[in-house]
Amino acid sequence: MFFVDTIEVSGLGNRSYLAGGERTAVAVDPPRDVDQVIAAAARRGVRISHVVETHVHNDYVTGGLALARITGAAYLVPAGARVSFARIPVHDGDRTEIDTAAGLALRAVATPGHTPHHTSYALEENGTAVAVFTGGSLLIGTVGRPDLVEPRLTEQLARAQHASAHRLAAELPDETEVLPTHGFGSFCSSSQAEGSATTIGKEKASNEALTRDVDDFVAGLLAGLDDIPAYYTHMGPANAAGPAPVDLTPPAVANAEEIAARLAVGEWVVDLRNRVAFAEGHVSGSFNFEAEGQLATYLAWLIPWGKPVTLLAESREQLAAAQRELVRVGIDRPAAAATGAPAEWVPEGAAPASFRRATFADLAGRRPVEGVVVLDVRRGSERAAGYIEGSVHIPVHALHGRLGEVPAGEVWVHCAGGMRAAIAASLLDAAGREVVAVDDSFDAAEKAGLAVRTP
C-alpha cells in the first residue's frame with residue numbers, strides 16, 4: 001500500500017507532495033517552510049528518505065535543501081540543473097527505491113519545456129506507474145509556461161512542452177494520477193487549471209498539448225502568455241545557490257513613532273487587514289495587501305526588491321501566517337511589525353486616513369462627470385476581453401512606478417473583483433490622490449449601465 005498527501009501552498013497557487021509506504025516517504029517540490037512537510041510525515045509515522053525537485057523553481061524559494069539536511073534524506077535534483085550545492089544528480093530513466101517493503105520506487109522521466117532540465121517522476125508500485133509528479137510539465141488542462149528561463153529559448157521550450165506531454169501520455173497508463181506542482185493559481189502555469197484532480201487518460205482527452213498539433217499548440221501557447229511577476233527573476237538564482245533555512249520567529253515590535261519614522265525614510269509599511277477595514281481607517285502612507293489574498297505574489301511583485309517592509313496586522317496569528325507566506329518568495333524577515341488597530345499605529349494626536357469604497361452601479365451614477373478618472377488595474381489579457389469605455393489602463397503591478405500617468409481628478413479604481421483595486425487604491429491614497437476603490441465584480445459593470453468595449 002502507498003499514500004500520497006498533497007500539501008497546498010494556496011497563496012502561490014502551488015502544491016507539493018509527500019508520498020510513501022509504511023516506513024519511508026519522498027517529498028516532492030517542498031515549500032520553503034518545511035515544518036509542514038515534517039509534520040505530514042510525523043502524522044503518517046514515516047521517515048522522509050528522499051527529497052526530489054522537478055526543476056529549479058522560478059516562482060518560489062524551495063525548501064528542498066533545508067528539508068534534506070534536517071531529515072538526512074537524499075536530495076535528488078535534475079542533472080542538467082546548475083546548482084552550487086551537493087546533491088544527487090538525476091538522469092532520465094534513473095530509478096530510486098522509496099519503500100522496498102511497499103514495492104515503491106520513483107522513475108525519472110525527462111520532460112523539458114518549463115525549464116530545459118525539467119524532470120517528472122513516475123511513482124511505481126511493484127513496477128506499475130500509479131502516479132506521476134509532473135511539476136511544471138503536464139498540468140491540469142494545460143502545461144507550465146515556457147518563457148521564464150530565457151526569451152530566446154521560449155519557442156524551443158514550448159515545442160519541448162508539447163513533446164514532453166506526449167511522452168508522458170505514451171509511456172504511462174491512462175489511470176495514472178497526474179500530480180503537478182503548478183496550475184492552481186500559479187503564474188508559472190500557461191493558463192489556469194479547472195478542477196483539482198486528473199489522470200493521464202483525462203488529459204489525453206482534454207489537454208491542449210495532447211489534442212492539438214505542435215504548431216497550432218505552440219502558437220496558442222505563446223499568444224496566451226501573460227505578465228511575469230517581477231520577483232521571479234530572483235527565485236531561480238536563490239534556488240540554484242541553495243536557500244538558507246527560514247526564521248519564522250516574531251519580528252521586532254514597532255510603535256507608532258517607529259512606523260512614522262520608517263514611512264518618512266521611504267520604507268514600505270504594509271497593512272494586512274482586509275480591504276474593507278483598511279478603507280475605513282489606516283496609517284497614512286501605508287499600503288494594503290490583504291493577508292487572505294495573494295499576499296506573497298503581489299507584495300513580492302510590487303515592492304522594490306530588498307526594500308525593508310514593516311507589517312501591520314490585526315492579530316499575532318495573521319502576522320505569523322503572513323511571515324510564512326513571505327519567506328516562500330524570499331522576503332525573509334520583516335524589519336518590524338505591529339498588531340492591533342490603526343488608532344494604535346498613528347502618532348498621538350493624529351487620525352487614521354480613509355477613502356471610499358463603491359460598486360460599479362455607484363460609478364455609473366457618477367458618469368459622465370468631469371474630473372472623474374476610471375483606472376483599470378487588471379492585466380492586459382483581462383482588459384482584452386472587455387473594458388469600460390474611456391478608462392485608463394495601468395496594471396496594478398506597474399502602478400507604483402507610473403503614478404504620474406494617472407490623470408488629474410477623482411480616481412475610481414477597479415480590477416476584476418476588488419482585491420487588486422484595493423492595493424491600487426492604497427498606492428494612490430499614499431501618493432495623496434483622491435481615490436474611490438470599486439469593490440465589485442467586473443461582470444457587474446455592463447449590467448450597471450457602463451459602456452463596456454472590446455479592443
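Predicted model: local features only at pLDDT ≥ 70, side-chain atom pairs only at ≥ 80, totals over all residues.
Reader: Which strands form the edges of the open sheet of four strands?

Author: The pairing in this open sheet is parallel, and the strand order is β13-β12-β14-β15. An edge strand here pairs on one side only, and the two strands concerned are β13 (287-288) and β15 (336-339).

Reader: What is the average twist from one strand to the next in the open sheet of six strands?

Author: The six strands follow the order β1-β2-β3-β4-β5-β6, and their pairing is mixed. At the edges lie β1 (3-9) and β6 (88-90), each with pairing on one side only. From one strand to the next, the twist averages 25°.

Reader: In which sense do β4 and β5 pair, parallel or antiparallel?

Author: Strand β4 spans residues 47-52 and strand β5 spans residues 74-78. Within β5, Y75 is the bridge partner of V51, and L76 is the bridge partner of V52. Three bridges connect β4 and β5, and the sense of the pairing is parallel.

Reader: What angle does the direction of helix α2 make with that of β4?

Author: Helix α2 comprises residues 64-71 and packs on the sheet, where β3, β4 and β5 are touched. Of these strands, β5 is mostly covered, with four of its five residues buried. Between the directions of α2 and β4, the angle is about 150°.

Reader: Across which strands does helix α1 lie?

Author: Helix α1 consists of residues 35-44 and runs at about 150° to β1. The strands across which α1 lies are β1, β2 (14-20), β3 (24-28) and β4.

Reader: Which residue has a side chain joined to that of S186 by a polar contact of 3.5 Å?

Author: S186 is located in the loop between β11 (177-180) and α4 (200-206). Its relative accessibility is 0%, which is why S186 counts as buried. A polar atom of the S186 side chain lies 2.9 Å from the backbone nitrogen of C188. The side-chain partner in the polar contact of 3.5 Å is N14.

Reader: Is Q318 buried or exposed?

Author: Q318 is part of helix α11. Not counting residues up to four places away in sequence, Q318 touches L272, R273, A291, E292 and A313. Burial requires a relative accessible area under 20%. With a relative accessibility of 7%, Q318 therefore counts as buried.

Reader: How far apart in space are Q318 and R273, C-alpha to C-alpha?

Author: R273 is among the residues that Q318 touches. Although Q318 and R273 are 45 residues apart in sequence, their C-alpha to C-alpha distance is 8.6 Å.

Conventions: Residues numbered from 1 in each chain as written. Heavy atoms only, no water. Pairing = 2+ DSSP bridges. Axes fitted to C-alpha atoms, helices over the stretch in contact; angles between N-to-C directions. Contact = heavy atoms within 4.5 Å. Buried < 20%, exposed > 50% of the residue type's maximum accessible area, 1.4 Å probe, protein only. Polar contact = N/O pair within 3.5 Å; in protein donor to acceptor, adjacent residues only side chain to side chain.
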